[in-house]
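Visitor: I'd like a quick tour of this one. Can you put it up on the screen?

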Amino acid sequence: MAGGVPTRDRRLRSGWQFREVYRSGASYHGTLMSLVSLGKPEDHGRRAFVASRKVGPAVRRNRAKRLLREGFRRLPEDRRDEPRWRVWIARAACSRSDLHRVAAEMARLVKQERR
């Protein structure tokens, strides 16, 4: 349990939360994924991993989300726990990639987010 907040409370769940991030957040694009991020200093960090049907059938969408979740776990803890709401959106190439490339791109996008 990072920062005393249960893992389940670190997810974006409700539609209004997604709408707020998409409407007010900043977007960063890579070849394997996109990141939409919104700073929320009054709240702890929350995240969501999204793979639409554009990624492919359910097997590929699930693989893409697993890669995104594992890539996120490999980020340094201070970056993961920043008070931001983040939506990670998989692209079709994500499901055909490996964990090393996904983690590297995720680290690059988080670094862009901090500028």
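Visitor: Is Arg 10 buried or exposed?

Guide: This is a predicted model. In it, Arg 10 is buried, because its relative accessible area is 5%, and the cut-off for buried is under 20%.

Visitor: Where is Arg 10 placed?

Guide: Arg 10 is in the segment before helix H1, which runs 15–24.

Visitor: What does the side chain of Arg 10 reach?

Guide: The backbone oxygen of Gly 45, at 3.3 Å.

Visitor: On to H1. Which of its residues are buried?

Guide: Gln 17, Phe 18 and Val 21.

Visitor: Why are they on the same side of H1?

Guide: Because they cover an arc of only 100° around the axis of H1. As a rule, an α-helix has 3.6 residues a turn, so residues three or four places apart point the same way.

Visitor: And which exposed residues are on the face turned away from the buried side of H1?

Guide: That face carries Arg 19 and Arg 23, both exposed.

Visitor: What covers the buried residues of H1?

Guide: The cover includes strands E2, E3 (46–50) and E4.

Visitor: Let's zoom in on Gln 17. Why does it count as buried?

Guide: Gln 17 has 7% relative accessibility, so it counts as buried.

Visitor: What does Gln 17 touch, leaving out residues up to four places away in sequence?

Guide: Arg 11, Leu 12, Arg 46 and Trp 85.

Visitor: And what does its side chain reach, for Gln 17?

Guide: The side chain of Gln 17 reaches the backbone nitrogen of Arg 13, at 2.7 Å.

Visitor: You mentioned Arg 13. Where is Arg 13 found, and how accessible is it?

Guide: Arg 13 is in the segment before H1. Its relative accessibility is 46%, so Arg 13 counts as partly exposed.

Visitor: Which residues does Arg 13 touch, not counting those up to four places away in sequence?

Guide: Arg 8 and Phe 18. As for Trp 85, it sits 72 residues from Arg 13 in sequence and 11 Å away in space, C-alpha to C-alpha.

Visitor: New topic: the largest nonpolar core. Which residues touch the most other members?

Guide: That core has 19 residues. Met 33, Leu 68, Trp 88, Ala 90, Cys 94, Val 102 and Met 106 touch the most other members.

Visitor: Take Val 102. What is Val 102 in contact with, leaving aside neighbours within four places in sequence?

Guide: Leu 32, Met 33, Leu 67, Leu 68, Cys 94 and Ser 97. Another core, of 8 residues, lies apart from the largest one. Phe 18, Val 36, Leu 38 and Val 87 are among its members.

Visitor: Which lining residues are closest to the centre of the largest pocket?

Guide: Of 15 lining residues, the closest to the centre are Thr 7, Arg 47, Phe 49, Phe 72 and Arg 73.

Visitor: And which elements give two or more residues to that lining?

Guide: E3 and H2. The largest share comes from H2, with 4 residues.

Notes:
Residues numbered from 1 in each chain as written. Predicted model: local features only at pLDDT ≥ 70, side-chain atom pairs only at ≥ 80, totals over all residues. Heavy atoms only, no water. Buried < 20%, exposed > 50% of the residue type's maximum accessible area, 1.4 Å probe, protein only. Polar contact = N/O pair within 3.5 Å; in protein donor to acceptor, adjacent residues only side chain to side chain. Core = buried A, V, L, I, M, F, W, Y, C linked by side-chain atoms within 4.5 Å. Contact = heavy atoms within 4.5 Å. Arc of directions from axis to C-beta. 1 Å grid on protein atoms, 1.4 Å probe; cavity = no way out; pocket = protein on both sides within 12 Å on 5 of 7 lines; lining within 4 Å.
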